[in-house]
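Let's take a walk through this model, one neighbourhood at a time. Have the viewer open and click along.

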Amino acid sequence: MTAIRLPLTALALVLSSAACQPAGDPATSATSAAATVPGTAGGVSPFSDAAIWDGEVDACRGQGPVADDCLAKVMQAAKASPQAIAAAHQLGAQGNPGYVSAWRNQDGVGIATIEYPFRANTNEGTLLVDSAGHTQDVDADVLPEMSRADATVKPFLDAHPDATPFAPAQASGSEALPDGGVRLIYSTPMRTCHACANDGVLRVAYDFDAQRRFSGKQILDLR
C-alpha cells in the first residue's frame, strides 16, 4: 500500500506583542519575559511544561472575537506563567483562542494538550512540538483534497462519500525510523456527524529526524 506524502509546511512561531503599553503593564511584562524562553531561530517558542495553565475562563464566554483578549487578561490576573500567557497569545493569533493544559515528552518530541474553551465542539486538541519549537496540529488538514483520489483512501471514500474526519485525533502508536528518527501515529475517526457511529479510521504519521526536527507527515491508511 502506498502512503501519501504531504508537503512539509513549517509553521512560523510569532508571538503577538502588545504595542504602546505603559511601563509596568502586565501584558508588556509577560511578553518581555516570554522573549527569554528558548525557541526557534526566527522567533521564540513558549510551548513547554512551563506553559501549563488551568484556570477559570467563564467570564470570557460569549464574547466572540474578543475572547482571546479576555483570556489573556484572565491569565494575567491569575498569575499564569509568562510562557503560558505567550502560548495563549500565539494560539489566539492563529485564530484558535486557547491555552496549554498539559505537556508530555514522547521519544524526544514535545506533546502539548491544548484546551479550546470557546469552541462549540472539540474543546481539546494536540500540538506536536519539535526540537526547533515548530508545532504540528494533529487535527489540521489531515485529509487534504489533493489526497482524495489516491488509491490509499479512494476505496473508502467511494464507499462512504459523506464521511469526514472528526477531531480530536488520538495517539495510536510510535515507530523508530532509520538514522535515529521517530514516527508518531495519530488516528482520526471518520463519520457523517458528531453523534454518528464511526465509518472508519484515518491514520496519519508524523515523522521527526534524529534531532527531533519535524520532517513531514503522511497518510498511512483509511479503513
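I185 touches Q170, A171, S172, G173, E175, R203, V204, A205 and L220, leaving aside residues up to four places away in sequence; contact here means heavy atoms within 4.5 Å. Before going further, note that this is a predicted model, in which local features need pLDDT of at least 70, side-chain atom pairs count only at pLDDT 80 or more, and totals for chains, interfaces and linings use all residues. Residues are numbered from 1 along each chain as its sequence is written, and side-chain values use heavy atoms, with hydrogens and water left out.

Back to I185, which sits in strand β8 (residues 182-191). Strands (E, at least two residues) and helices (H or I, at least four) are DSSP runs, numbered from the N terminus. Is I185 buried or exposed? Its relative accessibility is 3%, so I185 counts as buried; the cut-offs are under 20% relative accessible area for buried and over 50% for exposed, with partly exposed in between (1.4 Å probe, protein chains only). I185 and V138 are 47 residues apart in sequence, and their C-alpha atoms are 9.5 Å apart in space.

Aromatic rings of Phe, Tyr and Trp (its six-membered ring) pair if their centres lie within 6.5 Å; planes under 30 degrees apart count as stacked, over 60 as edge-to-face and the rest as tilted. By this rule the count comes to three aromatic pairs. The ring centres of Y186 and Y206 are 6.2 Å apart and the planes stand at 85°, so this pair is edge-to-face. Both Y186 and Y206 are buried.

Another ring to click on is Y116: R119 lies over its face, 3.7 Å from the ring centre. A charge sits over a ring if NZ of Lys or CZ of Arg is within 6 Å of the ring centre and within 35 degrees of the ring normal.

Now for the sheet. Four strands make an open sheet in the order β2-β3-β4-β5, with antiparallel pairing; two strands pair if DSSP finds at least two bridges between them. Its edge strands, each pairing on one side only, are β2 (99-106) and β5 (135-137). On average, neighbouring strands of this sheet are turned by 25° against each other, direction ignored. Such angles come from lines fitted to C-alpha atoms (for helices, over the stretch in contact) and run from 0 to 180 degrees between N-to-C directions.

Strand β4 is mostly covered, with five of its six residues buried.

| Strands | Bridges | A bridge partner pair |
|---|---|---|
| β3 (residues 109-115) and β4 | six, antiparallel | I111 and L128 |
| β4 (residues 124-129) and β5 | three, antiparallel | L127 and D137 |

L128 also stands opposite Q136 in β5. The hairpin of β4 and β5 has five residues between the strands, and there G133 takes a positive phi near 90°.

Last stop, a helix. Ten of the twelve residues of α3 are buried, among them I85, H89 and L91. Just after α3, G95 takes a positive phi of about 85°.
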